[in-house]
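Subject: Structure handover

Hello,

Here is the structure for your files. Please look it over before reading my notes below.

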Amino acid sequence: MSGAANVHSIEALDRFRAALVSFGEGADLSLTMIRMELDRFVDWLEHDQLKYWQHEIRLREDRVGEAKTDLHRCLAATIDAGRTPSCYQEKKALELAKRRLEEAQEKLAAVRRWIPPVRQAVLEYRMRAEPLASALLGDVPKAVLLLQRLTAQLASYLELSAPNAAVEIGTATTTSPAEIAPARPSPAPASTPAAKESP
């Protein structure tokens, strides 16, 4: 296996690091907004709606009492001893007041019925979202720092390897032609006439 590193992906690492930072910020913001909405909904259900319908029941009970009083007053106002008044309007008002009271009681019962499952659903969501929240708090920042270190190391590697390559190239080109070409054989010495023998 070659020990050479592929250093052509520094820009890709930078883009990935930026995307990871953006993901971490966006996911954290989304989780925060969801938590706020859940808390707001639970508070609305357990406090606002509960108190509202309890208050409505008291008001509508009072209206039922008033409608009964009006009906009794109408029935008691006998003009003719042999004839009972119909009191149609008072009867209709009493029926409407009773229906509205029953509606408020049903709404209050529904609110109380929905509080436990809503609490359970919120609890389950928080348990499932906790690993992501922990990763956004710990793992994502660690990964970003690791990518920063890797990018810095790769940049340093490129800065160091580029001058070394230039030096090696310069050394190779300074070799003289005489050192490269093979040596030519020297010509053989010309033959000379034999020396005359001295007398």
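This is a predicted model: local features need pLDDT of at least 70, side-chain atom pairs count only at pLDDT 80 or more; totals for chains, interfaces and linings use all residues.

Residues are numbered from 1 along each chain as its sequence is written, and side-chain values use heavy atoms, with hydrogens and water left out.

**Disulfide**

The count is 1 disulfide (a pair of cysteine sulfur atoms within 2.5 Å). Cys-74 is joined to Cys-87, S to S 1.9 Å. Cys-74 lies in helix 1 (residues 10-76) and Cys-87 in the loop between helix 1 and helix 2 (88-173), so the pair ties together parts 13 residues apart in sequence. Helices are DSSP runs of H or I, at least four residues, numbered from the N terminus. The S-S torsion is about -100 degrees, so the disulfide is left-handed. Both cysteines are buried (under 20% relative accessible area; exposed is over 50%, partly exposed in between; 1.4 Å probe, protein chains only).

**Salt bridges**

There are 8 salt bridges (a side-chain nitrogen of Lys or Arg within 4 Å of a carboxyl oxygen of Asp or Glu). One of them pairs Glu-46 with Arg-119 at 2.4 Å, N to O. Glu-46 is in helix 1 and Arg-119 in helix 2, 73 residues apart in sequence. Glu-46 is buried at 17%; Arg-119 is partly exposed at 49%.

Arg-60 pairs with Glu-103, closest N and O atoms 3.2 Å apart. Arg-60 is buried at 5%, while Glu-103 is partly exposed at 35%.

Regards

Conventions
Helices (H or I, at least four residues) and strands (E, at least two) are DSSP runs, numbered from the N terminus.
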